[in-house]
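Biologist: I would like to learn how to read a model like this one. Please take me through it, one feature at a time.

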Amino acid sequence: MKNPLNLVSTTTYGRDLNLEQRQKKATIWKALFRLSTLVGVVALAILIISIVNQAFGLVAIEDTNDRNDFISTSIKEVTKTELIQLIETNLSTNRVRTLDREEPLVERSRHDLMALVETEVFKQRIVDSYSLFGSIFTPNTFRDQVAKKHPEAIVEFKSWFTPQFLQESMSKTPELAGIRTALFGSLFLILITISVAFPLGVSAAIYLEEYARQNTWLSRVIQTNIDNLAGVPSIIYGILGLTIFVRAFEPITSGRLFGYEGANGRTILAAGLTMALLILPILITNAQEAIRAVPNSLRQASYGLGATQWQTIWYHVLPYALPGILTGTILAISRALGETAPLIIVGAATYITKDPSGLFSNFTAIPIQIYNWTTRPQQEFRNIAAVAILVLMFMLLSMNAVAILWRNKIQNKR
Amino acid sequence: MTNQTDKQWAIETQDLDIYYSDFRAVKNVSLKIEPKKITSIIGPSGCGKSTVLRSFNRMNDFIPGSRVTGGIFFQGQNIYDPRIDPVQVRQRIGMVFQKPNPFPKSIYENVAWGARINNYKENLNDLVEECLVKSALWGEVKDLLQRPALSLSGGQQQRLCIARALAVKPEIILMDEPCSALDPIATLKIEDLMRELSAQYTIIIVTHNMQQAGRASDFTAYFTMDTDRAGSMIEYGVTSQVFTNPTHKSTEDYISGRFG
């Protein structure tokens with residue numbers, strides 16, 4: 001018992017204050033709150049650690065073709081002209097032409113050519129991989145296992161996150177596969193989604209809060225429905241998007257109406273519109289919340305000066321509500337960026353090597369790639385799936401950071 | 001009383017009743033406001049004095065279910081005539097609110113905005129200076145015009161709100177308990193300001209502060225609640241008359257602080 005004031009008796013004015021028990025209760029509640037926070041933090045930490053655990057680690061590399069059949073010395077001692085010669089003689093003419101078109105072989109760096117020879121001529125492949133923690137704490141287990149199964153293989157440490165991963169498109173071989181197509185797909189998709197959903201959502205929120213009569217049964221029905229729609233499973237929106245945007249509006253979403261030939265409705269436009277539908281309820285409710293938080297005194301001040309309703313909304317209500325609306329938009333973007341189910345239904349391609357080039361392109365998105373890679377049997381695909389998750393998280397964080405900075409800038413101007 | 005029918009009143013109400021849905025908040029108010037004078041409306045809480053004031057520039061329109069019967073005449077026209085746009089009414093009859101409510105913009109922008117949206121074509125800088133001078137704020141803020149209005153003190157903010165109201169060139173300024181959120185010194189400044197402004201503008205002020213009504217107004221209207229909770233005007237006259245020699249018992253009780 002603490003008793004710094006030397007208040008020996010816990011009775012005041014003849015009443016028992018029951019202090020000890022009250023304080024005990026307070027301590028228990030505080031401990032509970034702290035525990036809840038801790039559980040959340042630990043869960044998040046485990047998530048991030050398990051992803052990082054997959055993204056780096058030891059790998060076993062082996063040549064499919066014996067390199068001694070091609071060169072007699074170590075590859076490091078082979079000259080640049082000899083490297084080019086190796087490529088030109090051992091690869092198909094078509095492949096050489098493709099490579100030459102990407103960047104003329106003679107202009108490429110030695111390092112680049114060496115990598116080409118190793119992957120294309122020797123057909124160097126990763127045959128086994130190991131997690132980060134395993135690599136740090138029990139590397140010998142992995143080495144023994146590799147020595148038994150692949151006696152020729154070299155074991156080295158590999159970061160699966162490479163610049164090449166960002167630059168390459170999908171491939172059958174995990175170490176050659178990249179996320180460029182999916183990255184562009186996701187960015188483009190979000191752009192379409194936001195440019196459709198933001199104006200629609202904010203306008204609807206303005207109408208519901210500023211114009212529509214409150215507390216009529218109709219407005220209450222609409223409000224309840226919007227609130228409920230925010231909780232509808234995303235796959236339902238996928239089915240809706242498939243029926244409406246992919247099938248019913250096919251002439252528009254496939255671009256046939258605008259002269260695009262040979263496409264179907266499973267385009268990035270259809271997916272963007274579906275996503276817009278999905279985040280619309282979130283956007284509307286958040287924008288409504290923000291508009292409702294605008295003090296009435298501000299509206300009255302504006303009306304009192306002879307402003308019309310539109311002038312009041314445009315010059316006072318919207319600027320004041322904008323930070324709140326932006327917060328809601330951040331939430332909505334995050335949701336759309338990570339959403340997978342509706343995209344699968346609307347028909348995102350899982351194997352595509354062409355970047356989206358317009359509204360009517362086929363596309364894939366990062367979550368689709370992650371889903372696709374994690375369902376494959378090879379361990380290496382799980383490694384690149386982990387890196388793709390890191391890329392997705394980084395994308396989310398940076399988009400949110402931009403929106404938050406923008407919001408703070410607006411708020412500070414007041 | 002004989003030649004008063006020809007007189008141009010600033011505002012004249014005839015048998016004014018104001019309802020909130022089915023509830024009659026104010027009944028039978030017939031009030032003639034003297035132009036270019038200060039008229040105060042006093043009375044206990046809930047007697048409908050703010051409701052009456054806000055009906056003068058149709059600010060009650062924003063309260064769902066509110067409606068008005070009888071007439072409120074401004075320059076010979078009933079401002080509740082369906083042909084009249086309330087936006088125009090509010091430009092001609094300005095308002096200062098209970099709590100200072102400057103826009104979260106710069107001091108300059110607070111004054112200039114109203115004029116700009118009302119299609120003011122002349123020099124805005126001159127207008128801002130003129131209004132701030134009139135509201136006795138120019139000396140304090142002339143070097144801080146780009147500072148946020150919310151950085152001013154409460155009293156300064158309220159004078160800024162008055163300047164803002166002046167900028168749209170109203171003829172009447174309604175003040176709804178403009179000093180209730182201010183300290184006594186700021187209150188006195190606003191009262192001095194009202195006195196100066198009354199040379200050019202008709203001022204109608206609702207106040208809970210009896211001394212303020214006594215000190216600062218030329219005419220006083222006393223409102224009270226009836227048994228059906230509808231507010232009505234009991235007494236109206238020259239302030240000194242109402243305060244020193246009220247004709248109604250209820251007025252005397254209220255003024256002498258026996259209730260309210």
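Biologist: What percentage of the 414 residues in chain A is buried?

Modeller: Some ground rules come first. This is a predicted model, where local features need pLDDT of at least 70, side-chain atom pairs count only at pLDDT 80 or more, and totals for chains, interfaces and linings use all residues. Residues are numbered from 1 along each chain as its sequence is written, chains are lettered from A and ligands numbered from 1 in the order in which they are written, and side-chain values use heavy atoms, with hydrogens and water left out. Buried means under 20% relative accessible area, exposed over 50%, and partly exposed in between, with a 1.4 Å probe and protein chains only. In chain A, 42% of the 414 residues are buried. For chain B the figure is 54% of 260 residues.

Biologist: How many helices and strands does chain A have?

Modeller: Helices (H or I, at least four residues) and strands (E, at least two) are DSSP runs, numbered from the N terminus. Chain A has 17 helices and 5 strands. Its radius of gyration is 30 Å, well over the 22 Å from the globule rule for 414 residues, so chain A is more spread out than a compact globule. That radius is taken over C-alpha atoms, and the rule is 2.2 Å times the number of residues to the power 0.38. The C-alpha atoms of chain A fill a box of roughly 95 × 75 × 40 Å along the principal axes.

Biologist: Which domains are assigned in chain A?

Modeller: Domain bounds come from an automatic or database domain assignment. For chain A it gives domain 1 (58-158) and domain 2 (180-413). Taken over C-alpha atoms, their centres are 43 Å apart.

Biologist: What radius of gyration does chain B have?

Modeller: Chain B has 18 Å, which agrees with the value near 18 Å for a compact globule of 260 residues. Its C-alpha trace spans about 55 × 45 × 40 Å along the principal axes. Chain B holds 10 helices and 11 strands.

Biologist: Where is B:F73, and what is it in contact with?

Modeller: Contact means heavy atoms within 4.5 Å. B:F73 is in strand β5 (residues 66-74) of chain B. Leaving aside neighbours within four places in sequence, B:F73 is in contact with B:A10, B:I11, B:E12, B:Q14 and B:N78. With a relative accessible area of 23%, B:F73 is partly exposed.

Biologist: And which residues does B:V238 touch?

Modeller: B:V238 sits in strand β11 (residues 231-238) of chain B. Not counting residues up to four places away in sequence, B:V238 touches B:D218 and B:F219. B:V238 counts as partly exposed, at 40% relative accessibility. The C-alpha atoms of B:V238 and B:S217 are separated by 8.7 Å, although these residues are 21 apart along the chain.

Biologist: What is the phi of B:K36, and what is that of B:Q75?

Modeller: Most residues other than glycine have a negative phi. B:K36 has a phi near 55°, a positive value in a residue other than glycine. B:K36 lies in the loop between β3 (32-33) and β4 (38-42) of chain B, and is partly exposed at 46% relative accessibility. Phi of B:Q75 is near 55° and also positive. B:Q75 is in the loop between β5 and β6 (77-78) of chain B, partly exposed with a relative accessible area of 42%.
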